[in-house]
Amino acid sequence: MIYLSLFLTFFEIGLFTFGGGYAMISLIREKAIALGWLGEEELINMIAVSESTPGPIAVNMATFVGAKQGGILGSAVATLGVVLPSFIIILLISALIKNFLKYKGIQAFLGGVRPCVVALILATALTMGLSTLLNITTVWGGVTLDVRGLVILAILIFLALVYKKIRKKKPSPILMILISAGLGMILYSI
């Protein structure tokens, strides 16, 4: 039954991912592709949409994958699955927070998890970058440059550097998303 599969898959993702939504992307990618729920290009598009819509990226992705597989009920089940572990854990932590961080074991656990979270986020960024900009999806796969994607990336980097130089702060992520969406509409319609 698809609804049980969606719930259990996203519950597992929510339970075993530390570091927030971006760290979850690699697990969502692995599961969704392995189960045949999404293809690589469809996943990348879904990540872009999830990043562009309000709310946490992992919740948005769970909702979109669930909707694709099981309609409205599928989206609700997948979303519940991904948020329930965090909800339960935060509920427990909030009840115990006063004494929680003083234990060396907890500090050691968190110290060990941090590098893993960074690695998951970097691996996801690298995988998405290689797949999106160079069309590399396997180790032995060929390379096909996405010139338009590289042009958009170069323009965004240039604009961010100019903005930071002039304003002495980073540009708004919302502004960068809007600019990249506009550039995408222009360059990919040519």
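**Pockets and helix contacts**

Mentor: Helix 3 gives the most to the lining of the largest pocket, with nine residues. Helices here are DSSP runs (H or I, at least four residues), numbered from the N terminus. This is a predicted model, where local features need pLDDT of at least 70, side-chain atom pairs count only at pLDDT 80 or more, and totals for chains, interfaces and linings use all residues. Residues are numbered from 1 along each chain as its sequence is written, and side-chain values use heavy atoms, with hydrogens and water left out.

Trainee: What volume does the largest pocket have?
Mentor: About 1,600 Å³. A pocket is an open set of points on a 1 Å grid over the protein atoms alone, where a 1.4 Å probe fits, with protein on both sides within 12 Å along at least five of seven lines; lining residues have an atom within 4 Å of a point.

Trainee: How many of the lining residues are charged?
Mentor: Four, alongside 24 nonpolar and 12 polar ones.

Trainee: And the second largest pocket, what is its volume?
Mentor: That pocket has about 360 Å³. Its lining has 17 residues, with Thr-17, Phe-18, Ile-89, Ile-90 and Ile-93 nearest the centre. Helix 4 gives the most to this lining, six residues. By class, the lining has 12 nonpolar, five polar and no charged residues.

Trainee: New topic: how do helix 1 and helix 2 cross?
Mentor: The axes of helix 1 (residues 2–16) and helix 2 (residues 21–34) come within 10 Å and cross at roughly 150°. Angles run from 0 to 180 degrees between N-to-C directions. Helix 1 and helix 2 are therefore roughly antiparallel (over 145 degrees).

Trainee: Which residues meet there?
Mentor: Thr-9, Phe-10, Glu-12, Ile-13, Gly-14 and Phe-16 of helix 1 meet Met-24, Leu-27, Ile-28 and Lys-31 of helix 2. Contact means heavy atoms within 4.5 Å. This contact has six nonpolar, two polar and two charged residues.

Trainee: What about helix 2 and helix 3, at what angle do they cross?
Mentor: Roughly 150°, with their axes coming within 11 Å. In helix 2, Tyr-22, Ile-25, Arg-29 and Ile-33 meet Glu-40, Leu-43, Ile-47 and Glu-51 in helix 3.

How values were computed
Helix = DSSP H or I, 4+ residues; strand = E, 2+ residues; numbered from the N terminus. Parallel < 35°, antiparallel > 145°, perpendicular 65-115°, else oblique. Nonpolar A, V, L, I, M, F, W, Y, C, P; charged D, E, K, R; others polar. Points joined across faces, edges and corners; volume = space filled by probe spheres on them.
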